[in-house]
Structures are given as C-alpha cells and as structure tokens.
Amino acid sequence: MNIGIDIDDTLTNIRDELKLAAEKYANKLGKEIKDSKYIEDQNNGNIYQIKYGFTYEELKYFLSVIQEEITKKAEPREGCVEVINKLHNKGHKIYIITARDSEFHKDPYELSKNWLDKNNIYYDKLIVNARSKAPVCKTEKIDIFIDDQLNNCVDVSKAGIRAIRISNDDNSSYENIETLLNWNKIYNYINEME
C-alpha cells in the first residue's frame, strides 16, 4: 500500500509546546488572547490569527522562526520510527506529506528532510506545500493517510481514501475515520487490513 503521513503532531507531538510558545509571543506583543475554544483542526496558521490576533507579519515570524525552532528539535512520537520501518519492510511505500510551505518557511523541503533524516525516519517520497492533503493523496495514489488534524482526515476520507487520525482523544468517532492513540495501535490497525 501507499501510506501517506503528516509530520507535525503526527510524527511529532509538539501541539502543547507550540500553544505555549504562541501564548508567550502573543503576550509579548500585548495581544488579547481570545477565550474561544482552542481551534485544533486547522493547519494553515489561521488558528494563530484567530486565537491570538496575529497580523500576517507576526504570523510569518511565529511560523518561520519560533515554530521552526520547536520543530527542528522535536522528538519523534513514541513508536513511530519502529512502526514506519516495519511498514516499509513489509513492502509498503511511505509518503511524508506536510503542509509546511514556502509562504512561511524559507525552505520547507530542507527543513522537513533534515528532521526526518536526523531522526532516522524512513520515507520513499517527501511532499511539502500540501496545505490541502486530499488532492495530493489522490495524485500520489495514497491508500491510507495518517494525520492528527481532523479537517485533513475528513477531506481525505471524502476523496475515498482511508484516514487514520492520531489523537489523544480515542473516544472521538467520525464517519470513515479511525481515531487511534499511538503508533502501535496504528500498526495493528494496518496489519488487520492486510
């Protein structure tokens, strides 16, 4: 099978660290942080503009400097390296598909490649600038897509591709989306499909 996998908060677990960094940056700028529910399921930076009131330039600084520093030193999620290696060894193709893009990062490909290589994460192909994951998954003939973002999983599922959402909330249920807590559960789920 062709397996598509997101990076941030899928191969890593940096959501809380990014949230704290955004709050610190917003406080430094004197921004009023909205009390609205933390909007988790957007992947294009809008979350920071909505919740923290960042201007475009502030958002660009946050993503290209603060977020990049956090992502560069992020550790892989527990079990992901081993599971990806096992999937590869069984003959599956691994496609890393990330929304990291040229608008907010100097070189999203190099940023992503360096992190993947540093952490010994196997991949057959790395695709950046993929804010919308469904069209990329269709083009690359992805059979299963793994992401932390609900909106990405919904879009991919609507495109007829099986979606797995990695989330700490395994009680959440969404039509045609399997929500799993960790990489070992993902491996077991994929094994059962074979």
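The questions and answers below concern the fold, helix packing and selected loop residues of a predicted model.

In this predicted model, local features need pLDDT of at least 70 and side-chain atom pairs count only at pLDDT 80 or more, while totals for chains, interfaces and linings use all residues. Residues are numbered from 1 along each chain as its sequence is written, and side-chain values use heavy atoms, with hydrogens and water left out.

Q: In what pattern do the helices and strands of the protein chain follow one another along the sequence?
A: The protein chain has 8 helices and 6 strands. Helices (H or I, at least four residues) and strands (E, at least two) are DSSP runs, numbered from the N terminus. Read along the sequence, the pattern is β-α-α-α-α-β-α-β-α-β-α-β-β-α.

Q: What is the radius of gyration of the protein chain, and why does the chain count as compact as a globular protein of that length?
A: The radius of gyration is taken over C-alpha atoms, and the globule rule is 2.2 Å times the number of residues to the power 0.38. The C-alpha atoms fill a box of roughly 55 × 35 × 30 Å along the principal axes. For 194 residues the globule rule gives 16 Å, and the chain is close to this value, so it is as compact as a globular protein of that length, with a radius of gyration of 16 Å.

Q: What percentage of the contacts in the protein chain with a separation of 6 or more is due to residues 24 or more positions apart?
A: Contact means heavy atoms within 4.5 Å. Of the 194 residues, 50% count as buried, where buried means under 20% relative accessible area, exposed over 50%, and partly exposed in between (1.4 Å probe, protein chains only). Among contacts with a separation of 6 or more, the share from residues 24 or more positions apart is 64%.

Q: Are α4 and α8 roughly parallel or roughly antiparallel to each other?
A: Helix α4 (residues 80-89) and helix α8 (residues 183-193) pack with their axes 9 Å apart, at an angle of about 20°. Axes are lines fitted to C-alpha atoms, for helices over the stretch in contact, and angles run from 0 to 180 degrees between N-to-C directions. Angles under 35 degrees count as roughly parallel, over 145 as roughly antiparallel, 65 to 115 as roughly perpendicular and the rest as oblique. The two helices, α4 and α8, are therefore roughly parallel.

Q: Which residues of α8 meet α4?
A: From α4, the contact involves Cys 80, Val 83, Ile 84, Lys 86 and Leu 87. By class, the residues of the contact of α4 with α8 are 7 nonpolar, 1 polar and 1 charged (Ala, Val, Leu, Ile, Met, Phe, Trp, Tyr, Cys and Pro count as nonpolar, Asp, Glu, Lys and Arg as charged, and the others, Gly among them, as polar). The residues contributed by α8 are Trp 183, Asn 184, Tyr 187 and Ile 190.

Q: Is the crossing of α1 and α3 left-handed or right-handed?
A: The axes of helix α1 (residues 15-29) and α3 come within 11 Å and cross at roughly 135°, and the two helices are therefore oblique to each other. A crossing is left-handed if the near helix is turned anticlockwise from the far one by less than a right angle, and right-handed if clockwise. The crossing of α1 and α3 is right-handed.

Q: How many charged residues does the contact of α3 with α5 have?
A: Helix α3 (residues 56-72) and helix α5 (residues 108-118) have axes that come within 10 Å and cross at roughly 20°, which makes α3 roughly parallel to α5. Glu 68, Thr 71 and Lys 72 of α3 make the contact with Leu 111, Trp 115 and Lys 118 of α5. Besides 2 nonpolar and 1 polar residues, the number of charged residues is 3.

Q: Is Asp 9 buried or exposed?
A: Asp 9 lies in the loop between β1 (2-5) and α1. Its phi is near 70°, a positive value in a residue other than glycine. With a relative accessible area of 7%, Asp 9 is buried.

Q: What is the relative accessibility of Asn 129?
A: Asn 129 lies in the loop between β3 and α6. This residue has a positive phi of about 60° although it is not a glycine. Asn 129 counts as partly exposed, because its relative accessibility is 40%.
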